[in-house]
Amino acid sequence: MNKLRTLYEKHIDSHAVSALDDDGHVLLYIDRQVANEYTSPQAFSGLREAGRKVWRPSATLGVVDHVNPTSPIRTATMPDAGGARQVSYFGENCRDFGIELFDVLDKRQGIEHVIAPEQGFILPGMVIAAGDSHTTTYGALGAFGFGIGTSEIEHLLATQTLVYKRLKTMRVTVMGTLGDGVTSKDIIMALIGQIGASGATGFAIEFNGQTITDLSVEARMTICNMAVEAGARGAFMAPDEKVYAYLSDKPRAPKGALWEQAITCWKELYTDPGATFDAQVDIDASQLQPMVTWGTSPDQTVHIGERRALRYMGLEAGALLSEVPISHAFIGSCTNARIEDLRDAARVIRGRKVAAHVRAMIVPGSTQVRERAEAEGLAQIFLDAGFEWRQSGCSMCLAMNDDVLAPGDRCASSTNRNFEGRQGAGARTHLMSPAMVAAAAISGHLTDVRKLAQEA
């Protein structure tokens with residue numbers, strides 16, 4: 001770690017931790033922050049009122065991703081007056097405080113947890129904080145990310161530090177070969193179902209095991225993204241050759257001799273053999289099946305063939321989930337809207353049609369993902385099947401703009417939260433992988449994607 005800190009101090013960034021106090025708190029230096037227009041206004045207003053500057057503007061990246069419409073044709077116009085003001089004020093703040101901004105018309109725009117890795121803004125060994133709970137995503141790159149509140153955003157902007165309480169440690173070891181139709185989304189949903197929505201509260205989770213090693217970097221991001229849904233404050237996976245290959249061509253990754261120095265240091269970011277953890281969870285990936293949530297918390301999850309019922313969800317006692325009709329299908333969010341997710345969905349959708357009663361939408365995680373999907377022919381597959389092909393943004397994950405479900409609507413969703421009202425007041429959400437959403441859209445009801453593969 002000393003070599004890494006020296007490297008970051010000289011060439012990239014630096015982070016350091018002060019001594020622990022009696023309560024286990026530290027003053028933590030933060031390497032990078034991603035700010036958005038939705039959670040930052042009060043923080044910037046606080047800086048203005050106090051006459052403070054941003055301590056290190058280059059350590060922050062601003063992105064518009066929450067309130068912007070995702071309609072197929074992108075414009076700078078915000079139909080909602082409140083959203084328009086948030087975007088304009090965010091632009092003012094980034095300009096006045098010297099922060100780089102990816103605004104809604106920028107070709108690099110997208111959901112913050114998609115574009116930050118996409119740009120190489122996140123590197124192994126970094127500590128990242130942002131006003132969004134799914135900042136845990138960055139653990140897939142060997143970094144440590146966590147979400148913070150508005151008052152903490154202001155403190156971070158002003159000082160580049162945060163007061164942080166030392167966490168307990170949990171190791172989740174995943175072994176075994178994933179079966180057909182089973183994805184990284186099913187791994188993390190199985191974990192949340194096993195330990196509960198608060199099972200990792202107060203913990204940082206380290207994921208390891210051969211199954212994790214075999215996953216792509218984007219698949220690992222899905223797992224770290226949803227670690228927070230088990231209550232985890234952060235997640236971590238040791239960086240490896242796949243991570244280095246993923247970062248090698250990113251615009252903001254180190255180049256030349258600096259790249260070689262960085263890799264030498266990154267290779268030291270692993271847990272020592274024999275290290276002890278406060279908690280240990282083992283998962284046999286070979287026993288997993290495609291998962292679906294049945295209730296209003298991410299831990300209320302079962303495999304697609306099980307029977308469940310819940311009043312809010314409008315399910316009858318003893319009903320098979322695979323018989324539950326849907327009205328909407330949504331593929332998007334910082335959890336599952338990367339290019340690999342869209343490829344998985346396209347394999348299911350190709351040559352098929354969306355059920356007549358289903359509104360199906362795909363919202364890519366970034367403008368660059370959208371362009372790549374179009375270049376690969378994926379977008380045309382979606383359009384031919386009857387999916388709406390939209391612009392990037394947080395969208396229906398949290399019911400923004402016109403991407404809102406009506407009371408009683410039931411959505412098969414690749415997102416991360418199924419709380420009451422999350423996608424619209426009175427709406428019902430079933431979380432699952434992108435491939436499972438695609439299968440539900442085609443079938444018109446929740447279904448096992450493996451059955452569609454058998455029918456092909």
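Analyst: For 456 residues, a compact globule would have a radius of gyration near 23 Å, and the protein, with 21 Å, agrees with that. The radius is taken over C-alpha atoms, and the globule rule is 2.2 Å times the number of residues to the power 0.38. This is a predicted model, where local features need pLDDT of at least 70, side-chain atom pairs count only at pLDDT 80 or more, and totals for chains, interfaces and linings use all residues. Residues are numbered from 1 along each chain as its sequence is written, and side-chain values use heavy atoms, leaving out hydrogens and water.

User: What share of the residues is buried?

Analyst: Buried means under 20% relative accessible area (1.4 Å probe, protein chains only). Here 59% of the 456 residues are buried.

User: How do helices H6 and H8 pack?

Analyst: Axes are lines fitted to C-alpha atoms, for helices over the stretch in contact, and angles run from 0 to 180 degrees between N-to-C directions. Helices are DSSP runs (H or I, at least four residues), numbered from the N terminus. H6 (residues 184-195) and H8 (residues 217-226) pack at about 25°, their axes 8 Å apart. H6 is therefore roughly parallel to H8, a label for angles under 35 degrees.

User: Which residues of H6 and H8 meet?

Analyst: Contact means heavy atoms within 4.5 Å. From H6, Ser 184, Lys 185, Ile 187, Ile 188 and Ile 192 meet Ala 219, Thr 222, Ile 223 and Met 226 of H8.

Definitions and conventions:
Helix = DSSP H or I, 4+ residues; strand = E, 2+ residues; numbered from the N terminus. Parallel < 35°, antiparallel > 145°, perpendicular 65-115°, else oblique. Buried < 20%, exposed > 50% of the residue type's maximum accessible area, 1.4 Å probe, protein only.
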